[in-house]
Amino acid sequence: MYTIADLYDLDHTIAGDYLRQFTYPWEALKGIKDLILELGPKLPAEYKEIKEHVWVHESATVFDSAYLGSPCIIGPGTEVRHCAFIRGSAIVGADCVVGNSVELKNVILFDHVQTPHYNYVGDSILGYYSHMGAGSITSNVKSDKKLVVVHNGTESIETGVKKFGAMLGDHVEVGCNAVCNPGTVIGRNSNVYPTSCVRGVVPENSIYKNNGEIIHKEER
């Protein structure tokens, strides 16, 4: 429930071929910068290199007050809104929203991802049509600075990385002001209650409540 194949439809990101090399999504975090530097010069003519190693599709909208750090790729139809801060090593797909005062760092956002209001997303991968409510963030470094471990019930998976925010599967909804702690993995089509403090693996088609209870979604 926490492999790349479990979480993502790789047809909805320009990083699809890159991600296919790995089993677990966190294995891809270290190479995002190099991937962008490789992909950028090969992008279609509709992408313009507006400054060194920053490629923006001609149909994207970038507000004057937004900051685009190198390297990054901004996809077609995407909006990068007022005071957004893209620190670098960010792939933002098609028809995404990077909203007011949102900060991105070392991330892959699949197509149709929304981070619309006051979000911090670092060292994370957000799947197709995933959405982070206002003020929700990914916490990407443990307080003790040790390597991140993914916890799934009694199972513990050593990741070997120090910086690891959250892996959100396709169609995940994260409620307002929720915190995804280091090593969070949320399966496809799952929802997180507002103000939740999320840890470990949340199975697909689940609801994570703010007391840590996880229930399976009822079929409709």
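The side chains of Glu 103 and Arg 87 meet in a salt bridge, with 3.0 Å from N to O. Glu 103 belongs to strand β9 and Arg 87 to strand β7, so this pair ties together parts that are 16 residues apart in sequence. A salt bridge here is a side-chain nitrogen of Lys or Arg within 4 Å of a carboxyl oxygen of Asp or Glu. Strands (E, at least two residues) are DSSP runs, numbered from the N terminus.

The model is predicted: local features need pLDDT of at least 70, side-chain atom pairs count only at pLDDT 80 or more, and totals for chains, interfaces and linings use all residues. Residues are numbered from 1 along each chain as its sequence is written, and side-chain values use heavy atoms, with hydrogens and water left out.

**Strands**

Buried means under 20% relative accessible area, exposed means over 50%, and partly exposed is in between (1.4 Å probe, protein chains only). Glu 103, at 22%, counts as partly exposed.

Strand β9 pairs in the parallel sense with β7 over 6 bridges; it also pairs in the parallel sense with β11 over 6 bridges. Two strands count as paired if DSSP finds at least two bridges between them. Glu 103 stands opposite Phe 85 and opposite Tyr 120 in β11.

**Salt bridges**

The whole structure holds 7 salt bridges. Three of them are listed here.

| Pair | N to O distance |
|---|---|
| Glu 103 and Arg 87 | 3.0 Å |
| Arg 81 and Glu 79 | 2.8 Å |
| Lys 42 and Glu 38 | 3.6 Å |

Lys 42 is exposed at 62% relative accessibility, whereas Glu 38 is partly exposed at 46%. Arg 81 is partly exposed at 26%, and Glu 79 is partly exposed at 29%. Arg 87 is partly exposed at 39%. Salt bridges that share partners also join Asp 11, Asp 17 and Arg 20 into one network.

**Backbone angles**

Most residues other than glycine have a negative phi, and most peptide bonds are trans. Ser 89 has a positive phi of about 55° although it is not a glycine. This serine is in strand β7, residues 85–92, and Ser 89 is buried at 11% relative accessibility. Tyr 118 also has a positive phi, near 55°, and lies in the loop between β10 (114–117) and β11 (120–126). The peptide bond from Ser 70 to Pro 71 is cis, with omega near -10°. Pro 71 is in the loop between β4 (67–68) and β5 (72–74).

How values were computed: Helix = DSSP H or I, 4+ residues; strand = E, 2+ residues; numbered from the N terminus.
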